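Here is a friendly briefing to read alongside your structure.

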Amino acid sequence: MSAEDDRTLVVLHKLSQELCKPWHWRSRGGIHVVFAHYWGKTKYKTYDDVAKDYLPNSGKRLCTEVLKVEPMYNYIRKEVSPIDPVEMRIGFRLDELDRTVNMYFKLVEIKKRIPNTSFCLASVIIDLQIPDYLVKWWDVMDVEGMVRRGERVLKPTPFNYYKKDFYRVPSFPLIEHGITKAEIVKYWQGRPEYVFPPISNCVMCFHHTIQQLQQQWQDPVNWNRMQWADDAEKLKGNTFKRRTIGKRSYPAPMDWIKNLPIQQQLEFIDYSSCDAGSCSD
């Protein structure tokens with residue numbers, strides 16, 4: 001059903017039960033669960049179906065669109081509002097402000113940078129309804145200056161749009177209230193009944209480092225998903241992960257990662273995160 005660590009799913013279920021109201025069925029909890037395959041591409045009923053077509057990797061990053069954005073868009077337009085945009089809350093923290101910028105502006109290689117001295121951030125803020133509490137941080141980060149110097153450029157399809165339809169407006173409650181990872185860790189340390197996985201997001205995600213994928217191979221909770229990823233790679237003849245040596249990249253198969261000598265790493269959360277507004281650590 002999910003590529004997430006089982007412990008993440010258990011936490012979500014427990015939290016849903018905690019948030020339920022007296023008139024809810026406690027077994028169903030207080031969060032409405034929507035299954036992606038009901039609202040996405042109908043030919044993809046299982047992950048096996050997806051793997052027959054492609055393996056999500058750095059060269060074909062369709063997992064967010066196929067498994068998250070498209071189902072959300074279809075559900076919103078059919079069940080919530082056929083015309084108006086909805087507010088979508090994103091769990092980026094105050095110490096993840098760069099990820100909010102990445103949702104709208106992409107980095108430009110140094111050799112391809114062209115100054116855009118006429119760029120006006122104010123018009124983008126109005127058009128895309130960027131919240132005021134985020135605008136003040138963008139001013140501190142000099143987002144307008146980045147674009148004017150050619151370091152960044154506005155994405156052709158910013159976060160608010162899908163299929164040229166302005167269907168969502170973001171809000172960032174944790175940023176609005178100044179919440180950083182330190183506050184979140186402190187809060188959940190006081191709730192020991194909630195057990196979080198050491199690495200969040202999809203188990204075989206290509207964003208994870210090789211050390212993290214090794215750790216997931218060693219984790220009994222994740223072994224079945226890692227083995228599925230290994231089998232899918234062999235079936236498709238492609239890999240989720242690639243490794244870079246010098247200026248060239250090479251496949252990094254799951255079975256190759258599994259058999260590498262264990263690499264030690266002080267912190268297992270240092271990986272490139274998805275900035276599409278659908279994944280957060």
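**A salt bridge across the chain**

E18 has a relative accessible area of 39%, so this residue is partly exposed (buried means under 20% relative accessible area, exposed over 50% and partly exposed in between, with a 1.4 Å probe and protein chains only). Please keep in mind that this is a predicted model, in which local features need pLDDT of at least 70 and side-chain atom pairs count only at pLDDT 80 or more, while totals for chains, interfaces and linings use all residues. Residues are numbered from 1 along each chain as its sequence is written, and side-chain values use heavy atoms, with hydrogens and water left out.

**Salt bridges**

- The whole structure holds 17 salt bridges, each a side-chain nitrogen of Lys or Arg within 4 Å of a carboxyl oxygen of Asp or Glu.
- E18 pairs with R191 in one of them, at 2.7 Å from N to O.
- That bridge links distant parts of the chain, with E18 in helix α1 (residues 6-19) and R191 in the loop between α10 (181-189) and α11, 173 residues apart. Helices (H or I, at least four residues) and strands (E, at least two) are DSSP runs, numbered from the N terminus.
- R191 has 17% relative accessibility and therefore counts as buried.
- R77 and D165 form another salt bridge, their closest N and O atoms being 2.8 Å apart.
- Here too the pair links distant parts of the chain: R77 belongs to helix α4 and D165 to strand β5, 88 residues apart. Both R77 and D165 are buried.
- D5 and R7 also meet through their side chains in a salt bridge, at 2.7 Å from N to O. With 0% relative accessibility, D5 counts as buried.
- A network of salt bridges links R93, D95, E96 and R99.

**Around D219**

- Where is D219 found? D219 is in the loop between α11 (210-218) and α12 (223-236).
- D219 counts as buried, because its relative accessibility is 12%.
- A polar atom of the D219 side chain lies 3.0 Å from the backbone nitrogen of V221.
- Not counting residues up to four places away in sequence, D219 touches R7 and P198 (contact means heavy atoms within 4.5 Å).

- The largest nonpolar core has 31 residues, of which Y104, F105, L121, I130, L134, W138 and F172 touch the most other members. Such a core is a set of buried Ala, Val, Leu, Ile, Met, Phe, Trp, Tyr and Cys residues joined through side-chain atoms within 4.5 Å.
- At least two residues of this core come from each of α4 (63-80), β1 (86-89), α5 (97-102), α6 (121-128), α7 (132-141) and α8 (143-148).
- A second, separate core of 16 residues includes I210, M226, A232 and F240.
- Setting aside neighbours within four places in sequence, L121 is in contact with F105, W138, D139, V143 and E144.
- Helix α11 is mostly covered, with 7 of its 9 residues buried. The buried residues of α11 are I210, Q211, Q212, L213, Q214, Q216 and W217, and they pack against α12 and α13 (254-258).

**Aromatic rings**

- The whole structure has 15 aromatic pairs. Rings of Phe, Tyr and Trp (its six-membered ring) pair if their centres lie within 6.5 Å; planes under 30 degrees apart count as stacked, over 60 as edge-to-face and the rest as tilted.
- W39 and Y75 make an edge-to-face pair, at 5.2 Å centre to centre and 90° between the planes. W39 is in helix α2 (residues 36-39) and Y75 in helix α4, so this pair ties together parts that are 36 residues apart in sequence.
- Y73 and Y167 are edge-to-face because their ring centres are 5.0 Å apart and their planes at 90°. Y73 is in helix α4 and Y167 in the loop between β5 (165-166) and β6 (168-171), so the pair ties together parts that are 94 residues apart in sequence.
- Are Y73 and Y167 buried or exposed? Both Y73 and Y167 are buried.
- Y104, F105, F119, W138 and F159 are linked into a cluster by ring pairs.
- The charged end of R168 sits over the ring of F159, 3.6 Å from its centre. A charge sits over a ring if NZ of Lys or CZ of Arg is within 6 Å of the ring centre and within 35 degrees of the ring normal.

Conventions:
Polar contact = N/O pair within 3.5 Å; in protein donor to acceptor, adjacent residues only side chain to side chain.
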